[in-house]
Amino acid sequence: MVTNLDPYIIIMLFVMGSIFGSFLNVVIYRVPKNMSIVYPSSHCFSCKKKIPMKYNIPILGYFLLSGKCVFCLNRFPSRYAFIELITAIFTVIVYLIFNWNSLFFVYLTLTYLLIAVTFVDIDHFIIPNGFILFGLSVLIISLMLDVSLLGWEYSVSGSFVFAGFLFCIGLIGQFILKKESIGFGDVKLGLILGGFLGVEYSILALYLSFALSAIIIIVFYRGKLNSSDTKIPFGPYLAAGTLISLFTISPDGSNYILNWYYRTMF
Ligand SMILES: [Zn+2]
C-alpha cells in the first residue's frame, strides 16, 4: 500500500493507463475478429481513413474530435473514451494497493486482461482462448518467479474452487433452464482467476459476481430469463467480482470486505 502520494507518479500512471486503455480498445475490437492487433493503425470504421496523430491522444482525443471522425463526421462510440478512462483509473488503483514492485505488474496485467474480457464478452458472448492462454501464462510465470500473493498450493486450490464452483453451477443451470447458463469459457476464466486469488478471495469474488449478476438480472432481465434468446454474458460479473476483491485489499494486507464480514458474523 502506498502511504506518501507523489502526484507526479499518479499523473504519470494515469497517462500510461490511458495509453494502455487505447491499446485495449484495439484488442477488444480486433481479437474476436482474428485481426492483427499491431497493424493497421487506428482508423475510422466508416471511411477507413487513418486518424491523424494529434487526435490519437487517449481520452482527450475523443473530446477534441467531439466524438466524430474529422473526415466523414461518423460518430465514434463514447465507449472508447470510457475504456481509456477506466483503464487509467484502475492503473492508479493497482499502484496504490501494490506499490512499485513486481506484484504491481502482475496484478495490473490481470486487471487489463479483465477489462478486455468484459467488453469482448459483452459484444460477442465469448471469452477468446487467446485471452485464457495469455492469463494462464502470466499466472504460471508469476508463480515460477515467486511474484504472486500466494504459493503454488494456494494458487492451485484457488483454481479448483473457482472453476469447480462455476462448473457445478453451470451443470445445475443447464438442468433448470435447459440451456447453457455458465459457458465453458467462464469455467476456464475461473481457473485463472482462482489461481491469482487463492481460496478465500475466490469465494469472495464468486459471491460478489453472483450478487452483482442477480441485481442486474432482477433490474434489467426480469421475466426474460427463460426465453431462449436472452443471453447474459457472465465474464463481466466475474471480472467485476475479482477486481472488487483485489481493490479492497487494506494497507495491512487483509481485505476490507472480509474484515467487515468476520467482524459482523463472529
Ligand atoms: Zn471517417
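Okay, let's start. The model is predicted. Keep that in mind throughout.

First, the overall fold. What does the secondary structure come to? Nine helices and zero strands. Read along the sequence, the pattern is α-α-α-α-α-α-α-α-α.

Now the extents. Along its principal axes, the C-alpha trace spans about 60 × 55 × 35 Å. Of the 266 residues, 33% count as buried. And the contacts? Residues 24 or more positions apart account for 68% of them.

Helix α3 covers residues 79–98, and helix α4 covers residues 102–124. Their axes come within 10 Å. They cross at roughly 150 degrees. Are the two helices roughly parallel or roughly antiparallel? Angles over 145 degrees count as roughly antiparallel. The crossing is at roughly 150 degrees, so α3 and α4 are roughly antiparallel to each other. The handedness of the crossing is right-handed.

Which residues meet there? From α3, we have I83, I86, T87, F90, T91, V94, Y95 and F98. From α4, the partners are L103, F104, Y107, L108, T111, Y112, I115 and F119. By class, that contact has 13 nonpolar residues, three polar ones and no charged ones.

Last topic: backbone angles. Most residues other than glycine have a negative phi. Two residues here are worth a look on that score.

Take N34. Its phi is near 55 degrees, a positive value in a residue other than glycine. Where is N34? In the loop between α1 (7–30) and α2 (60–64). Is N34 buried or exposed? N34 has 8, so it is exposed.

Now D146. Phi of D146 is near 65 degrees, again a positive value in a residue other than glycine. D146 is found in the loop between α5 (129–144) and α6 (152–177). Its count is 9 other C-beta atoms within 10 Å, so D146 is exposed.

To recap. The chain has nine helices and zero strands. The α3 and α4 pair is roughly antiparallel, with a right-handed crossing. N34 has a positive phi, and D146 has a positive phi. That's it from me.

Conventions: Residues are numbered from 1 along each chain as its sequence is written. This is a predicted model: local features need pLDDT of at least 70, side-chain atom pairs count only at pLDDT 80 or more; totals for chains, interfaces and linings use all residues. Helices (H or I, at least four residues) and strands (E, at least two) are DSSP runs, numbered from the N terminus. A residue is buried if 20 or more other C-beta atoms lie within 10 Å of its own, exposed if 12 or fewer, and partly exposed in between; C-beta atoms are placed from the backbone. Axes are lines fitted to C-alpha atoms, for helices over the stretch in contact, and angles run from 0 to 180 degrees between N-to-C directions. Angles under 35 degrees count as roughly parallel, over 145 as roughly antiparallel, 65 to 115 as roughly perpendicular and the rest as oblique. A crossing is left-handed if the near helix is turned anticlockwise from the far one by less than a right angle, and right-handed if clockwise. Two residues are in contact if their C-beta atoms, placed from the backbone, lie within 7 Å. Ala, Val, Leu, Ile, Met, Phe, Trp, Tyr, Cys and Pro count as nonpolar, Asp, Glu, Lys and Arg as charged, and the others, Gly among them, as polar.
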